[in-house]
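Please open the model in your viewer and follow the stops below in order, making each selection before reading what is there.

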Amino acid sequence: MTQQRLLGADFLRAAACLMVLLHHLAFRMDMRNVPAAAEPLMQFLVMGSFGVSIFFVLSGFLLARPFWVALDRSEPMPSLRIYALRRAARILPGFWLALVVSLVFSITISGSPLDGEHITRFFAGFFLVSDWHWLTLFPVDNNGPLWSIGFEVTSYLLLPCCLALLFAFQVRGWPARFAWLCVIAAILLMHWLVVQWAPIDEVERGWEHGLVGGAKAWMPRFNPIGFFAIFALGALAAGVQVRVAGLRHWVFDLLGLAAICAIAWLIAAHMGGLTEGFGCLGIPYGYPWMPLATGLALVALPSSIMAGRIVDNRVARYVAQISFGIYIWHFLVIGLMARLLPPSFKTGDEGGWTIWLWSSAAAIALSVAIATLSFHLLEQPAVRWARGLEDRRRVAPALA
């Protein structure tokens, strides 16, 4: 572990980002035209949707860690004002810009109507509450991945509320980690109640009815409480990592590499099935085994001798740095290419495999370029502004 970052976190963030990107590219390929030798790889890439689970575990891990550190040191709970300011600065500028641009392109290029339904969906996304109903789950028609931002924000809100219980009862050390298991059990119970008592009607339910129909197919198994169960396992991993942070041993190299292999194996085990990978209690993306494997990697790699440094190489760190921009822009890039730059992604035609390869390469390059601009011109300045605001707030009481 370095002073600035936790080894392994950048690798997992980069891997999750690329998994989701390649998942959407793989769906653009007509599988009937895939060369036989490439079929297993394409089937694996289709399951890249599991990268969403890695994102949620990683977020829970990184955001919960300062709370665990404070709890073990008998310090006050970290400032919720600073916590909220940092989260808002990190995601809102990029997300809001992507949301607005997507809506404009949806109306002007894709021909989506600006009716009551589309306006409702947009504002639900803009105000970060789109995750609570199937009608609003997808805020815009042409940028599907934005659905997860609402779920992330709900998890951001629930995390300190649940951790506050540990501070209130002054539970510390390993007993606090066991208490967090009880919190996870309560979350799973609430998810089960949502699934049981919030049924969705069958009218126009299914992906053949578009995004809203697809949202009805996902819900109620896709719900904010269920995704917080994924997030909470990341928080548990943070609690464990804080307890072992001072250790260094080759055993952690073996555990970290084994966890990465387990992630790949769990994804491969779902090949040929639903890309949602519904697991325990219908929670998506191989719950709980996929989050547990990711959590194990996050616990072990910071204490490894070599593995953490190998996986957190320069390329992984760069991709991790711009990963949010790749995530919020890549789907829009793919859709615009398919519509405006024929024969992009015309993979049902003769030579479809070659068309898919160059189209995918171009989409990746454009997504990386846009994400780089987004990071340096928008995301990073917003984070710096927030940090400056934090510093001013710390100095003001000292001068009073």
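Buried means under 20% relative accessible area, exposed over 50%, and partly exposed in between, with a 1.4 Å probe and protein chains only. This is a predicted model, in which local features need pLDDT of at least 70 and side-chain atom pairs count only at pLDDT 80 or more, while totals for chains, interfaces and linings use all residues. Residues are numbered from 1 along each chain as its sequence is written, and side-chain values use heavy atoms, with hydrogens and water left out.

Select Met 337 to begin, in helix α14, residues 323-340; helices are DSSP runs of H or I with at least four residues, numbered from the N terminus. Met 337 is buried, at a relative accessible area of 3%. Leaving out residues up to four places away in sequence, Met 337 touches Pro 342, Ser 344, Phe 345, Ser 359, Ala 362, Ala 363 and Leu 366, where contact means heavy atoms within 4.5 Å.

Next, select the peptide bond from Pro 342 to Pro 343, which is cis with omega near 10°; Pro 343 belongs to the loop between α14 and α15 (352-399). A cis peptide bond also joins Met 219 and Pro 220, with omega about 10°, and Pro 220 sits in the loop between α8 (210-218) and α9 (224-244).

Move on to Ser 102 in helix α4, residues 80-108. Is Ser 102 buried or exposed? Ser 102 is buried, its relative accessible area being 0%, and beyond its neighbours within four places in sequence it is in contact with Val 140, Asn 142, Asn 143, Leu 146 and Leu 332.

For the helix pair, display α1 (residues 9-26) and α2 (residues 39-46), where Leu 22, His 23 and Ala 26 in α1 meet Met 42, Leu 45 and Val 46 in α2. The residues of this contact divide into five nonpolar, one polar and no charged, counting Ala, Val, Leu, Ile, Met, Phe, Trp, Tyr, Cys and Pro as nonpolar, Asp, Glu, Lys and Arg as charged, and the others, Gly among them, as polar.

Finish with two loop residues. Gln 170, in the loop between α6 (147-168) and α7 (173-197), has a positive phi near 55° although it is not glycine, and it counts as exposed at 55% relative accessibility. Leu 281, also other than glycine, has a positive phi near 60° and is partly exposed, with a relative accessible area of 37%.
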